[in-house]
Amino acid sequence: ADALKHRHVTPYYESGFLALQTWMDLAITAYIAELNGINVPLDNARNQTYLSEFMKGYFVFPSTPYQTDTYWTFMQIPFRIFVTIMFIWPIVQVVSVLVIDKATKVKEGMKIMGATLCIYWSSMYFWFVLEFTLICVSVVIIGFLMNVFLYSSGGVIFIWFWLFCLSQMSFATLLTTFFDDSKTAIICMVVLYFVQIIGLPFAMQTMNANQKGAICLLAAPCFIESVNVVTMQESSLVGVQWQNLNEEFSQFSMATCLVMMFVDVVLY
């Protein structure tokens, strides 16, 4: 209170504006009083009965109590661990299927039978997208039934998970072009996955917006960084909504995350 008085109240009082403000308040009061048939002169003989209920001094401005939900404050790290474990298996399966198909010449056999490369890759991508879509739908439904995402939009949360899954599917597909042995490909995929999930998000904590955008060319750290946005929005009882996608926390927004993960899907 003393610091507030000396830093803000005293300079305001000594500026002379307080006297002008008081005079304006009294003038408005007198005008309203005259409209109601009460004589309140602007001198020292002013009607004390009429002004007796007025109080002057230092008062705390009234405001509604500030409310927060601490659930995500405690669940932020367990959620990251859960997501890391939950999606590693389907991503590994993408690598395994594609590398085994390449090693066993399945694609060449289908070409001999008249299938084109377009049909082969379309069928593969259709199956992978369908698989990940079902996983994302299940995760979102369970998340909302268990009040994990109590305030957020279901559509935003689904797109958030879905783009992450598709980006990891595309990244896994890209990785398979460098390997002919499924075991080696799976080991490399797991190592890269955990480096992106665990290592890079720590480095992003000290980065600016442009540097974080560059790191988001790798979708996994981009997704993990966006968990901070979900935590802040859920803790403030607002949640991630379509209208607040551009709100930044630590120079990062959910809109940046979604756009960059979509770019990653196309890029990979």
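## Glu225 and its surroundings

Leaving aside residues up to four places away in sequence, Glu225 touches Pro201, Met204, Lys212 and Phe252 (a contact means heavy atoms within 4.5 Å). Glu225 sits in helix α10, where helices are DSSP runs of H or I with at least four residues, strands are runs of E with at least two, and both are numbered from the N terminus. Before going on, note that this is a predicted model, in which local features need pLDDT of at least 70 and side-chain atom pairs count only at pLDDT 80 or more, while totals for chains, interfaces and linings use all residues. Residues are numbered from 1 along each chain as its sequence is written, and side-chain values use heavy atoms, with hydrogens and water left out.

Is Glu225 buried or exposed? With a relative accessibility of 5%, Glu225 counts as buried; the cut-offs are under 20% relative accessible area for buried, over 50% for exposed, and partly exposed in between, using a 1.4 Å probe and protein chains only. Ile197 is 28 residues away from Glu225 along the chain, and their C-alpha atoms are separated by 9.4 Å.

### Salt bridges

Searching the whole structure turns up two salt bridges, each being a side-chain nitrogen of Lys or Arg within 4 Å of a carboxyl oxygen of Asp or Glu. Here they are side by side.

| Glu225 | Lys212 | 3.1 Å |

Take the Glu225 pair, with its closest N and O atoms 3.1 Å apart. It links distant parts of the chain, with Glu225 in helix α10 and Lys212 in helix α9 (residues 209-215), 13 residues apart. Lys212 is buried too, at 1% relative accessibility.

Asp180 is exposed, at 57% relative accessible area, while Lys102 is partly exposed at 28%.

### A loop residue

Ser253 is in the loop that runs between α10 (219-235) and α11 (254-267). This serine is buried, with a relative accessible area of 3%. Not counting residues up to four places away in sequence, Ser253 touches Val229, Leu245, Asn246, Glu247 and Glu248.

### Helices α6 and α7

The axes of α6 (residues 117-145) and α7 (residues 154-176) come within 9 Å and cross at roughly 145°. Axes here are lines fitted to C-alpha atoms, for helices over the stretch in contact, and angles run from 0 to 180 degrees between N-to-C directions. On the α6 side, the contact residues include Trp121, Tyr125, Phe128 and Phe132, and on the α7 side they include Phe158, Phe161, Trp162 and Met169. By class, this contact has 17 nonpolar, three polar and no charged residues (Ala, Val, Leu, Ile, Met, Phe, Trp, Tyr, Cys and Pro count as nonpolar, Asp, Glu, Lys and Arg as charged, and the others, Gly among them, as polar).

### The whole chain

What does the chain's secondary structure come to? There are 11 helices and zero strands. Of the 268 residues, 36% count as buried. Among contacts between residues at least 6 apart in sequence, 69% join residues at least 24 apart.
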